[in-house]
Amino acid sequence: MIFADHAATTPVRREAVEAMWPFLTGAFGNPSSRHGLGEEAARALAWAREEVAAVVGCRPGDVVFTSGGTEADNLAVKGLALANPRGRHVVVSPVEHEAVIAAADALRRLHGFEVDEVEVDATGMVTTAALERVIRPDTALVSVQLANNEVGTVNPVAELAAAAHAAGAVMHTDAVQAAGWLPVSIGALGVDALSLAGHKVGAPKGTGALVVRGRLPLEPVLHGGGQERGRRSGTENVAGAVAFATALRLAEADRADAAARVAALTERFRARVASTVPTATPTGHPDRRLAGTVSYVFPGTAGEAVLLELERRDVVVSSGSACAAGSDEPSHVLTAMGFDPDLARTAVRFSFGADATDDDVDGAASALADAVSAVRDIVR
């Protein structure tokens, strides 16, 4: 099988499993407990926080462990906006992950915020000029992703953060898809908050973090015992935090070499597809994109049909965001980029992992040519 759906989830690293195992067995204590088992768990949690902070370039106290990227995005968007007395206006891009879009909509519906979407260009990118057109003196928060989870386009987040700060707003970026492929230094990006998810870097699902500068007030989404310095109540998932920190550290250590190697493999794949499936239309930015992600639309086909034909040939891909699986609606990312809804429904995303090989990309390209041909024969 060729697994080309790493943007949906990645295999769990053996090192992450081995690191978390002690805290699922003998060292099972609650990190808030004042006894030996609890103190052992607390030390492990502190170690995990330090590891994440080292990768992101922040203080350990700025790391809030969450159940994944969706919770991190919700905590960032709702928590920062509600705690910021500057105003009740939020700016997001229309190609954000559903967690950001839905969180912003909750602010509108439940708390009276105004929400504006900053326009993206045909590649799915947010420009500084576009952001400056919608930001206002009462803008509390701007949230723009570092890299898109469907088409792989990378945004100029440092420039966008500078524009947001010049207007007095707080800047959050969803870096879930970017981790392991791009630097996620909060200082270099210039952002105030950054979301991460463990299962994108080789940790188990249900792990992640929001990194938020400690000086910023943050209204919690979950209330209770006041864990995570009062920003995320609930007994911490110590084993998950340790696994996440381990996987993130390993992904960062491998990042530069893996990104360069997989980028070359992806270009090889794109060249093969261009020669064997000439009607395939690539989406996203041609250059500013994640190393392993490439997405196409196929006029005259259906994305789900192509996906199924690929799976029959032992190639596993996605027809878009895995979080929207089962929906008949066209990709909100592609329609925001200007694609006709019917054409957007033909989208198929390939996302290769750090362990991809020449045989993987060649096999995937050959299978795609056969799959598209088979679907077109059926349509005829």
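Author: A residue counts as buried when its relative accessible area is under 20%, and with that cut-off in hand we can read this structure, which is a predicted model.

Reader: Is Q227, then, buried or exposed, and where does Q227 sit in the chain?

Author: Because its relative accessibility is 14%, Q227 counts as buried. Its place is in the loop between strand 8, which covers 208–212, and helix 8. Setting aside the neighbours within four places in sequence, the residues in contact with Q227 are S32, R232, S233, G234, T235 and E236.

Reader: How should I read the side chains of a strand, and which way do those of strand 2 point?

Author: The general idea is that side chains in a regular strand alternate between the two faces of the sheet. In strand 2, residues 63–66, the side chains of V63 and F65 point one way while V64 and T66 point the other way, and all of them are buried.

Reader: In what sense do strand 2 and strand 8 pair, and which residue stands opposite V63?

Author: Strand 2 pairs with strand 8 in the antiparallel sense, over four bridges, and within strand 8 the residue opposite V63 is V211.

Reader: Which residues is F350 in contact with, once its neighbours within four places in sequence are left aside?

Author: F350 is then in contact with A4, F269, G292, T293, V294, Y296, L310, V315, V317, A364 and L368.

Reader: Why can the protein as a whole be called as compact as a globular protein of its length?

Author: The protein has 12 helices and 12 strands. Its radius of gyration is 21 Å, close to the 21 Å that the globule rule gives for 380 residues, so the protein is as compact as a globular protein of that length. Along the principal axes, its C-alpha atoms fill a box of roughly 70 × 50 × 35 Å. Of the 380 residues, 57% count as buried, and among contacts with a separation of 6 or more, 75% are between residues 24 or more positions apart.

Methods: Residues numbered from 1 in each chain as written. Predicted model: local features only at pLDDT ≥ 70, side-chain atom pairs only at ≥ 80, totals over all residues. Heavy atoms only, no water. Contact = heavy atoms within 4.5 Å. Helix = DSSP H or I, 4+ residues; strand = E, 2+ residues; numbered from the N terminus. Buried < 20%, exposed > 50% of the residue type's maximum accessible area, 1.4 Å probe, protein only. Pairing = 2+ DSSP bridges. Rg over C-alpha atoms; globule rule 2.2 N^0.38 Å.
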